[in-house]
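Here's a quick briefing to read next to the coordinates. Have the viewer open and hop along topic by topic.

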Amino acid sequence: MSEQYPALLVVVPLLSALVICVAGWVNKRLCFPIAVAALGVAAYSCIGLLLRVLDEGVIVYKLGGWDPPMGIAYYVDHLNGLVLSVVSVVALLNLIASKKSIDQEFPDKIGPFYTLYVLMVTGLLGIVVTGDAFNLYVLLEIAALTGYGLLAMGEDRAPLAALNYLYMGTIGACFYLLGVGYLYIVTGSLNMVDIAKILPSLYQSKAVLGAFIILMVGVWLKMAFFPLHAWLPNAYTYAPSAASSLIAPLVTKVMIYVMIRFILTVFTPEFAFNILAVSDSIVWLAVIAIVMGAILALAERNLKKMLTYIVIAEVGYMVGGAWLGNRAGMTGAILHIVNDALMTLCVFLVAGNIVYKLKGYAFDDLKGLYRKMPFTMTAFTVGVLSMIGVPPTCGFFSKWYLILGAIRAEHWFFMGALLFSSLVNAVLFFRIIEIAFFEPFTDHHAHGHDHQPEPIDEAPLSMVVPLWIVAAALVIVGIYTSDIVTKIIQFAIPEGIL
Amino acid sequence: METITSIKPLLAVLASLLVVPILVTSTRVPNVREAWTFVAATVKFLIVLSMVPTVLKGTEIVYTVAEVIPGLAIKFRVDTFGMLFALVSSSLWIVTSAYSIGYMRGLKEHSQTRYFCYFAICLSATVGVAFSANLLTLYLFYEMLSLATYPLVVHHQDPEARKSGRKYLLYILGTSIAFVLPAMLISYNLAGTLEFAKQGFLAGTASKPLIVVLLILLVFGFAKVAIMPFHSWLPAAMVAPTPVSALLHAVAVVKVGAFSILRMITGVFGTNLLLDLHLGTLVCYAAAFTVIVASLIALTQDELKRRLAFSTIGQLSYIILGIALLSPKGMIGGMTHIAMHAFGKITLFFCAGAIAVATGKKYISQMVGIGKRMPVTMIAFFIGSLSVIGLPPCGGFISKWYLVLGTLEADQMLMLFVLLGSSLLNAAYFLPIVYKAFFCTPEESMFENKVQEAPPWCVVPLVLTALLSIVLFFYPQPFLELARMAVEGLLGG
């Protein structure tokens, strides 16, 4: 059974999506349990795979028994074992947490929504597990197309925002495909490991350079790396809660994974860091992304939109960390994939709960929330601390590695940008905490014990419990940083990187 | 140095943290809730106390909680200096809890459960800082304290509280993220460790300019010590209820700042390194500037709590000054001053709060003749003032004596004059309050000639701390001995 995990984690959700679609016509109430079961199996397989990788090392799974480079092979190593687990767990938790909000937001589209949701997760898991560059493109499109659908189901402005995303996303995917095309022309292979074997003799080739540049730009477009970010804020803001809390934590992180995979496995660090000598410039781009993301977030008076700009700044963290070209920076980038997925999930789930109860997410809607929704706001506070980077939440530890990487690379501006972003995050979030805690101002004196607090009007348990699990995970993952780094991430980074 | 492993430091930290859920669940029965606070405070104090004999024997107690980053653990190490600070804060928490009951109920404050919960969390963080074995652990608890104090500072939830809370976070969180965090990582990158060592871990790893940069980052980064120009959060934080000002902004929070800087100077840089590079004087001048300027500003303040706040700013820099002299007597003075100033200043704050509860008066100009209405409170105020000025028969004299000896030992005449001048200024801003409280003509007096004190929950604690201030003059041994051993361990051992 466990040999089939790599296939199961893609095939089960893929087929379940079709079943959900049919089930939606029969009885809407069947959709949710099927989706949970499908993603449950996927999460189980992913974690099982990660544990197997920890035991046995890299796992190669040949789809249909065809040998690579002709057939498609799934490679699971420490890097994507970790990312797979995060993606599947985040998708599952979000699915459970979002049931009520899906029921509330579009009662007549439940079947299609769950179908798209599960298909999208299939795409994301496939992107991470596959070892074939073209297969990755196919899955990228599955994830993207379903993503457009999910995002477009939101408010009035959502279809336009999703259309904008569709244009940009398609351009990004085309760039990626072109890059893979160039690689195929010069190497004659689509298998990542195979390409990596053939490439060293071609490092001086202009075609390889062209492939690399065009591929990176494509991936950056998809991950909304500043200044290619313009599609993201509106698309995520106006999306339905359940979709934005799935897509915001995962899509950008999966694309970061793709970038790191291409640096480490396909082009090899030797080529990316030493032969190209562009690392420094890319880290500078990351500095700009972080600073601009932070500044743009400051300008927002709307919770969800502010969060989307923070997502953009966080993309800068990971791109910069990966391109510092040292072990600490790369560790930070990979660790931040995990941590940022959880953190973003946490704050977007909070936004979902708030939308569910208040039907709004402008700052003015948040008044008195600490009294009205104490449980949601407690989880929000934990998420905030992690975003700012306060120990022992996990956000601190990935920042630790990123800053350490910046110091070792002597890239002081990247360190400065990280600190700046932490400070801005503190301002951003304490501004919200202030509104939720202080306003509306009332005279509390002379009431004493007779003072009747406003009634608690909390989101339903099925939304709060998953949220609390995520909030607890932020602390637990933080405390187990040492294990994650020494047992998983250390093996994900080639020994050549010091 | 002998070490033993024991879970006690962790228990001391957890004692006040674990009581929080109990406090939350007993919201509806305030008497039970307050009883639990006392239980936690007593248990915490007893755990700390039970480690004293071991520490006095020269043994250190270590406990590793978890290795969070490869090679870097959340780890406790109880040494003499940490013990000194833990003793002061955990013992005063008991007294403050009693006072809190009187104050909060006297003024019918809202959200008392929240208040007692965050107070307990603050104490956990304080003792955590005291027992930290490395910079990472210290940073963790330092940040925990910053954040747990915020709800207490903004307790009143009015626009003024919001403004002060903002200032508080800006200064405290801003400096710790912008200064301490990078300095910590740069030090880690240089030395490969963050474990506090007797003569620091940075010696021989970095060039002088880099050491200077790190020293500046680490001294000004711990803005809880309110060294200028990062001081103005402290007067702003006086909007908090008075027990918060008393325990946190005269003892726990601000002295966590002083304690952290002392740890940096001794444990990160090491006195020898700073002596070799002549960097102690740099810190001395920053502290001396703060001592004098803060005292001058205190003279002009009419709001009693603000005057006390500026006095605290000055007194905190005494501690920094003492350590930065890098002479044994100066260091003993600085460390002892943590305890001596704590007992004196907490008395003064308790008195300010008692006056507010009994009469509602906050401004010094409205307190003419108050000695006839609240004689016990004002006598305690007088004793507290004497201690802070540094006059016998109060504990403050002992620490100031050592500080003065330290300046002579280090041959820093300028600093001697700073200390003496500041004492005069202290007298100038405290004694007129006491004088006018008692010696005024009946026409001048703003109060009826009838004794009416604050509730006993308020008065008993302040009498107790005032008496302790006097006792510490005659029996300074526990703190003086711990400080002496700490300095011997650092310099002699």
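Gly369(B) touches Ala437(B), Cys440(B), Glu444(B), Ser445(B), Met446(B) and Phe447(B), leaving out residues up to four places away in sequence; touching here means C-beta atoms, placed from the backbone, within 7 Å. Before going on, keep in mind that this is a predicted model, where local features need pLDDT of at least 70, side-chain atom pairs count only at pLDDT 80 or more, and totals for chains, interfaces and linings use all residues. Residues are numbered from 1 along each chain as its sequence is written, while chains are lettered from A and ligands numbered from 1 in the order in which they are written.

- You'll find Gly369(B) in the loop between α14 (328-359) and α15 (370-373) of chain B; helices are DSSP runs of H or I with at least four residues, strands are runs of E with at least two, and both are numbered from the N terminus.
- Gly369(B) has 20 other C-beta atoms within 10 Å, so it is buried (the cut-offs: 20 or more other C-beta atoms within 10 Å is buried, 12 or fewer is exposed, and in between is partly exposed, with C-beta atoms placed from the backbone).
- Glu448(B) sits 79 residues from Gly369(B) in sequence, yet their C-alpha atoms are 8.7 Å apart.

**Helix pairs**

- In chain A, helix α2 (residues 31-56) packs on helix α3 (residues 78-105) at an angle of about 155°, with the axes 8 Å apart. Axes are lines fitted to C-alpha atoms, for helices over the stretch in contact, and angles run from 0 to 180 degrees between N-to-C directions.
- That makes α2(A) and α3(A) roughly antiparallel (over 145 degrees; under 35 is roughly parallel, 65 to 115 roughly perpendicular, and the rest oblique).
- The crossing of α2(A) and α3(A) is left-handed, as the term goes when the near helix is turned anticlockwise from the far one by less than a right angle; clockwise would be right-handed.
- Residues in this contact include Phe32(A), Leu39(A) and Cys46(A) of α2(A), and His78(A), Leu84(A) and Lys99(A) of α3(A).
- By class, the contact of α2(A) with α3(A) splits into 18 nonpolar, five polar and one charged. Nonpolar covers Ala, Val, Leu, Ile, Met, Phe, Trp, Tyr, Cys and Pro, charged covers Asp, Glu, Lys and Arg, and the others, Gly among them, are polar.
- In chain B, the axes of helix α2 (residues 30-50) and helix α4 (residues 80-106) come within 9 Å and cross at roughly 165°.
- α2(B) and α4(B) are therefore roughly antiparallel, and their crossing is left-handed.
- Among the residues making this contact are Glu34(B), Phe38(B) and Phe45(B) of α2(B), plus Leu87(B), Trp93(B) and Ile101(B) of α4(B).
- The contact of α2(B) with α4(B) counts nine nonpolar, five polar and two charged residues.

**Where the chains meet**

- Chain A puts 28 residues into the contact and chain B puts in 25.
- On the chain A side, the elements giving two or more residues are α17 (394-408), α18 (412-438) and α20 (481-492).
- α18(A) gives the most to that side, with eight residues.
- That side of chain A divides into 18 nonpolar, eight polar and two charged residues.

**The nonpolar core**

- The largest nonpolar core has 419 residues, and those with the most contacts inside it include Cys346(A), Leu342(A), Leu84(B) and Ile320(B). Such a core is a set of buried Ala, Val, Leu, Ile, Met, Phe, Trp, Tyr and Cys residues joined through C-beta atoms within 7 Å.
- Helix α14 (residues 327-358) of chain A supplies the largest share of this core, 20 residues.
- Cys346(A) touches Ala379(A), Gly383(A), Leu467(A), Val470(A), Ala471(A) and Leu474(A), again leaving out residues up to four places away in sequence.

- The peptide bond from Pro391(A) to Pro392(A) is cis, with omega near 0°, and Pro392(A) is in the loop between α16 (374-388) and α17 of chain A.
- In chain B, the bond from Pro392(B) to Pro393(B) is cis, with omega near 5°; Pro393(B) is in the loop between α16 (375-389) and α17 (395-409).
- His278(B) has phi near 55°, a positive value in a residue other than glycine, and counts as exposed with 10 C-beta neighbours inside 10 Å.
- Leu326(B) has phi near 60°, positive in a residue other than glycine, but is buried, with 25 other C-beta atoms within 10 Å.

Definitions and conventions: Two residues are in contact if their C-beta atoms, placed from the backbone, lie within 7 Å.
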